[in-house]
Amino acid sequence: TTTTTTETQEKGEDEENEINLPAERFIPEIKDEVMPITSAINRIEQQQQQQSLPASVSSMSDEELADTTTIPGWEFIHSPPPRDSIPRGSLIGTVVSDKMQKTVNVAVDRYRIVPKYGKRVRYTRKFMAHDEHEVANAGDVVLIVPSQKISKHKHFMLQEIIKKSGQL
């Protein structure tokens with residue numbers, strides 16, 4: 001049984017050596033293509049070691065958490081819109097009707113969690129918004145901002161189309 005184990009170990013080592021051999025030994029034409037990839041991988045590994053970021057946020061101290069540059073991935077997750085770009089009282093909704101002249105009907109969804117059941121309930125309210133150039137179509141996601149009363153039911157203006165209907 002000892003020789004069998006040794007032979008199996010030697011075979012396993014031979015297989016590992018064959019797998020780990022560099023590609024330029026077998027195919028000399030791709031040597032130039034393999035080396036830049038290997039050097040790029042090595043460079044990325046060195047950069048990761050130099051950054052020395054903590055393993056998880058839960059192990060970070062309060063001082064490290066106060067400085068957002070030390071939190072890994074913060075720049076990808078936390079990117080709120082600038083305060084100057086969105087006016088106070090503005091709403092985001094979906095255009096449900098554009099049949100009127102220079103007016104669109106926008107449905108704004110709001111969500112509330114019912115405390116007793118923990119279920120999320122959607123509340124939809126429709127607002128009429130002034131669309132001066134008649135650019136919005138049904139299904140568009142738009143940003144509407146409050147304005148002075150334009151008519152009996154219209155007190156919002158269309159500021160921008162966030163996403164056209166039919167586009168991802």
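Here are some questions and answers about this predicted model. Residues are numbered from 1 along each chain as its sequence is written, and side-chain values use heavy atoms, without hydrogens or water. Local features need pLDDT of at least 70 and side-chain atom pairs count only at pLDDT 80 or more, while totals for chains, interfaces and linings use all residues.

User: In what order do the strands of the closed barrel run?
Analyst: Happy to trace it. Strands are DSSP runs of E, at least two residues long, numbered from the N terminus, and two of them pair if DSSP finds at least two bridges between them. The barrel is closed, has 5 strands and mixed pairing, and runs E1-E2-E3-E5-E4.

User: Do strands E3 and E5 pair in the parallel or antiparallel sense?
Analyst: Strand E3 covers residues 119-130 and strand E5 residues 154-163. Methionine 128 has lysine 154 of E5 as its bridge partner. Over 3 bridges, the sense of the E3 and E5 pairing is parallel.

User: Is serine 147 buried, exposed or partly exposed?
Analyst: Serine 147 sits in the loop between strand E4 (141-146) and E5. Buried means under 20% relative accessible area and exposed over 50%, with partly exposed in between (1.4 Å probe, protein chains only). Serine 147 has a value of 24%, so the class is partly exposed.

User: At what distance from the ring centre of tyrosine 111 does arginine 120 lie?
Analyst: A charge sits over a ring if NZ of Lys or CZ of Arg is within 6 Å of the ring centre and within 35 degrees of the ring normal. Arginine 120 lies over the face of tyrosine 111, and the distance from the ring centre is 4.4 Å.

Methods
Helix = DSSP H or I, 4+ residues; strand = E, 2+ residues; numbered from the N terminus.
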